[in-house]
Amino acid sequence: MRLPLRPTVPHRCFNHPDRPALAICVDCRKPLCQGCSTLWEGIHCCVDCLAKRRATAGERSGGLRLVFLTVATLALLAVATILRSWIGAALAEVL
Amino acid sequence: MSRRELTTGAVLDTAVDLVSRRLPGMAGLLMLASLPLRFLEAWLANRLLQLGDKASEHVSYLTGLSVWVTLSLLLAFWGRAVWARSCTLALTGGEAERRISWRERLRLSPAGLVSYLYAATVAEVLFFALGWTLVALPVLAVLGGLAAATSALDHRPGLFASLGHVLRHARPFGVLAGLTLVFLMGVPVVFLNLSMLFQILVWAAGGMTGTAGAWWEVALSWENQQFVVLACAGAILLLEPFWLAALVVAVRQARARQSGEDLAAWFAALRPPVQEEA
């Protein structure tokens with residue numbers, strides 16, 4: 001008798017019952033065939049869960065970028081405040 | 001078939017229509033938001049002129065005033081972003097735009113606002129760093145204005161991406177140069193009109209009440225440095241909605257020409273209305 005290669009994976013793909021399942025999505029636990037499974041950062045994901053992960057990652061990096069840009073803006077505003085008074089004083093002396 | 005050229009005159013006509021006819025309330029909001037900034041800038045300039053060659057001895061006092069200018073600058077930036085968004089909605093929305101509530105108009109996307117604040121602050125810093133060259137002043141005025149005009153457009157914010165987003169819309173060069181020239185000439189014209197208006201008001205008030213009003217005549221004359229500075233600030237305040245609206249229109253029309261949106265709208269207008277069969 002021949003043992004299955006991956007005994008924990010159900011035999012059929014969730015989306016394509018005619019195809020054998022080769023992996024399980026780590027998020028929703030659906031069995032997936034080769035065409036439905038995507039290896040992302042070393043883990044198998046289905047299309048829907050991959051889209052959710054990408055969206056979450058995008059929001060996180062977008063949020064971090066906004067925080068970074070806000071800090072940069074505040075730093076530049078401080079520079080503008082000092083430059084305004086210094087250059088203003090210098091110009092007033094020249095004029 | 002040929003497209004109509006994008007001209008400075010056509011852009012100005014649309015901008016005037018936006019300010020005076022379609023969005024007067026929002027233009028008023030922009031002026032209100034910019035009013036503290038212009039007043040404080042005039043106050044700081046007046047103090048600098050009064051201190052003269054002793055200004056460097058009062059740097060801490062001047063820095064204190066400068067902090068207030070910076071705080072009011074944030075309010076003015078917000079007003080400009082709201083105004084640019086309203087103009088963009090008016091240009092793209094048509095009839096549907098009239099139904100948009102005030103609350104909806106004031107709702108800015110955080111990414112767009114932060115990106116605009118960053119680009120406008122860079123322009124402000126460059127203004128102080130390069131302003132002494134004089135040639136850079138109109139270029140930086142366009143950069144600051146374009147930062148507001150493009151704030152309502154979707155893009156990915158970033159240290160370089162936000163500046164690149166503004167620079168990508170710095171076209172057509174001829175129209176932007178034309179607009180800059182018109183508004184540079186407009187500032188002294190509005191200044192003269194504004195100061196003459198105050199002098200006529202003093203003269204009329206003196207004639208009606210029979211009082212001499214000598215104090216007001218001195219206060220509102222060109223010999224009074226404080227009045228001249230305030231009238232300059234008032235001229236810039238009055239022109240600001242037109243300037244920003246013109247830049248929004250230029251950006252919007254240039255984008256429409258690039259994407260072919262203007263041709264699609266033209267064809268839709270040329271297409272005869274469909275007759276419904278009974």
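Predicted model: local features only at pLDDT ≥ 70, side-chain atom pairs only at ≥ 80, totals over all residues.
Is Ala42(B) buried or exposed? Ala42(B) has a relative accessible area of 5% and is buried, since the cut-off for that class is under 20%.

1. Surroundings of Ala42(B). This residue belongs to helix H2 of chain B, which covers residues 24-51. When neighbours within four places in sequence are left aside, the contacts of Ala42(B) are Val229(B), Leu230(B) and Ala233(B). The C-alpha atom of Ala42(B) is 9.9 Å from that of Val69(B), a residue 27 positions away along the chain.

2. Overall composition of chain B. The chain contains twelve helices and zero strands, and its elements accordingly read α-α-α-α-α-α-α-α-α-α-α-α from the N terminus on. Of its 278 residues, 43% are buried.

3. Packing of H6(B) on H7(B). Two packed helices are described by the angle between their axes and the distance between the axes. For H6(B) and H7(B), the angle is about 170° and the axes are 8 Å apart. The two helices are therefore roughly antiparallel to each other, as angles over 145 degrees are classed in this way. On the H6(B) side, the contact involves Tyr116(B), Ala119(B), Ala120(B), Ala123(B), Leu126(B), Phe127(B) and Leu130(B). H7(B) contributes Ala136(B), Leu137(B), Leu140(B), Leu143(B), Gly144(B), Ala147(B) and Ala148(B). By class, this contact comprises 13 nonpolar residues, one polar residue and no charged residues.

4. Packing of H6(B) on H8(B). Helix H6, residues 110-130, also meets helix H8, residues 161-168, in chain B. Their axes come within 9 Å and cross at roughly 75°; H6(B) and H8(B) are therefore roughly perpendicular to each other. The residues in contact are Ser115(B), Tyr118(B), Ala119(B) and Val122(B) from H6(B), together with Ser162(B), Leu163(B) and Val166(B) from H8(B). Five of the residues in this contact are nonpolar, two are polar and none is charged. Ala119(B) is listed in this contact and also in the contact of H6(B) with H7(B).

5. The two sides of H8(B). Which residues of H8(B) are buried? They are Ser162(B), His165(B) and Val166(B). Viewed down the axis of H8(B), the buried residues fall within an arc of 95°, so they line one face of the helix. An α-helix has 3.6 residues a turn, so residues three or four places apart point the same way. Leu167(B) and Arg168(B), on the other side of H8(B), are exposed.

6. Thr150(B) is located in the loop between helix H7 (136-149) and H8 of chain B, and it is buried because its relative accessibility is 0%. Its side chain reaches the backbone oxygen of Leu146(B) at 2.7 Å. Beyond neighbours within four places in sequence, Thr150(B) is in contact with His165(B), Val166(B), His169(B) and Val251(B). His165(B), a residue of helix H8 of chain B, is itself buried at 3% relative accessibility. The side chain of His165(B) reaches the backbone oxygen of Thr150(B) at 3.1 Å.

7. Backbone features to inspect. Most residues other than glycine have a negative phi, and most peptide bonds are trans. In chain B, the peptide bond from Arg171(B) to Pro172(B) is cis, with omega near 0°. Pro172(B) sits in the loop between H8 and helix H9 (173-209) of chain B. Leu134(B), which is not a glycine, has a positive phi of about 65°. This leucine, Leu134(B), lies in the loop between H6 and H7 of chain B and is exposed, with a relative accessible area of 60%.

8. A corresponding entry in chain A. Where is Arg29(A) found? Arg29(A) is in the loop between strand E1 (23-24) and strand E2 (31-32) of chain A. Its phi is near 65°, a positive value in a residue other than glycine. Arg29(A) has a relative accessible area of 54% and is exposed, the cut-off for that class being over 50%.

How values were computed:
Residues numbered from 1 in each chain as written. Chains lettered and ligands numbered in written order. Heavy atoms only, no water. Axes fitted to C-alpha atoms, helices over the stretch in contact; angles between N-to-C directions. Helix = DSSP H or I, 4+ residues; strand = E, 2+ residues; numbered from the N terminus. Parallel < 35°, antiparallel > 145°, perpendicular 65-115°, else oblique. Contact = heavy atoms within 4.5 Å. Nonpolar A, V, L, I, M, F, W, Y, C, P; charged D, E, K, R; others polar. Buried < 20%, exposed > 50% of the residue type's maximum accessible area, 1.4 Å probe, protein only. Polar contact = N/O pair within 3.5 Å; in protein donor to acceptor, adjacent residues only side chain to side chain. Arc of directions from axis to C-beta.
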